Amino acid sequence: MIEAGGTTYVKGFHWHPLPEGKHWFRFGKNTAWGNEGQRGDQLVDVFDPAILKTLLAKAKVAKPGDYRGTLTPKDLYKARHGYGSPGTKAISFRLLLDREHRPARLITEYTEKIGWPDGKGKTVKRIQHHVVDTRYSGWGSKVTVTAPPAAEVVDFDVFTPPADLSPLDAVTDRAQAAVVSRD
């Protein structure tokens, strides 16, 4: 994800193949980036002070710099109005800090029940198990943020996947891609 000039650009999610030569989705004023599942399924935002405080309060210290525990969506919601899914019961976590006591790695694990329309008026229910391994690095580095080349961008609000793609196909395609790439 890149944020530049008030616009968010996203690459690497496998909703469906993009048009030829396009590699980025652009989220503008009429679309939102940040809905559940759009940030690699990481439900815990360690950069939000209220959430980090809640995580540390629920943690047991395995050894210095290694915090482990379990959160609920209710814990996260209380910390910052609106994380978690109704189908998510508990979120196990392991937060590792670097030598300077900054987040270096966060591993979360949770299971959720989801339902998708099958195109025939019924809902197909599935259970998804997520293990999300997020790494944080480059603390203090000087960074220059630039938008991707315009020729490689498609607006998310005008992107329409082929008519034969059901939401269940998108989930399956994304899951298969995640298994291959281990994002």
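1. Strands E4 (residues 60-63) and E5 (residues 66-71) run antiparallel and are joined by three bridges, where two strands count as paired if DSSP finds at least two bridges between them, and where helices (H or I, at least four residues) and strands (E, at least two) are DSSP runs numbered from the N terminus. Across this pairing, Lys63 stands opposite Asp66 of E5. The hairpin that E4 and E5 form has two residues between the strands, and Gly65 takes a positive phi near 85 degrees there.

2. A note on the basis of these remarks: this is a predicted model, in which local features need pLDDT of at least 70 and side-chain atom pairs count only at pLDDT 80 or more, while totals for chains, interfaces and linings use all residues. Residues are numbered from 1 along each chain as its sequence is written, and side-chain values use heavy atoms, with hydrogens and water left out.

3. The structure holds seven salt bridges, each defined as a side-chain nitrogen of Lys or Arg within 4 Å of a carboxyl oxygen of Asp or Glu. One of them is formed by the side chains of Asp75 and Lys58, at 3.5 Å from N to O. Because Asp75 belongs to helix H2 (residues 73-79) and Lys58 to helix H1 (residues 49-58), this pair ties together parts that are 17 residues apart in sequence. Asp75 is buried, at a relative accessible area of 15%, whereas Lys58 is partly exposed, at 41%; buried here means under 20% relative accessible area, exposed over 50%, and partly exposed in between (1.4 Å probe, protein chains only).

4. Asp66 also forms a salt bridge with Arg94, and the closest N and O atoms of that pair are 2.9 Å apart. Asp66 is buried, with a relative accessible area of 1%, while Arg94, at 28% relative accessibility, counts as partly exposed.

5. Arg105 lies in strand E7 (residues 103-117) and Asp133 in strand E8 (residues 123-135), so that the pair ties together parts 28 residues apart in sequence. Arg105 is partly exposed, with a relative accessible area of 25%, and Asp133 also counts as partly exposed, at 29% relative accessibility.
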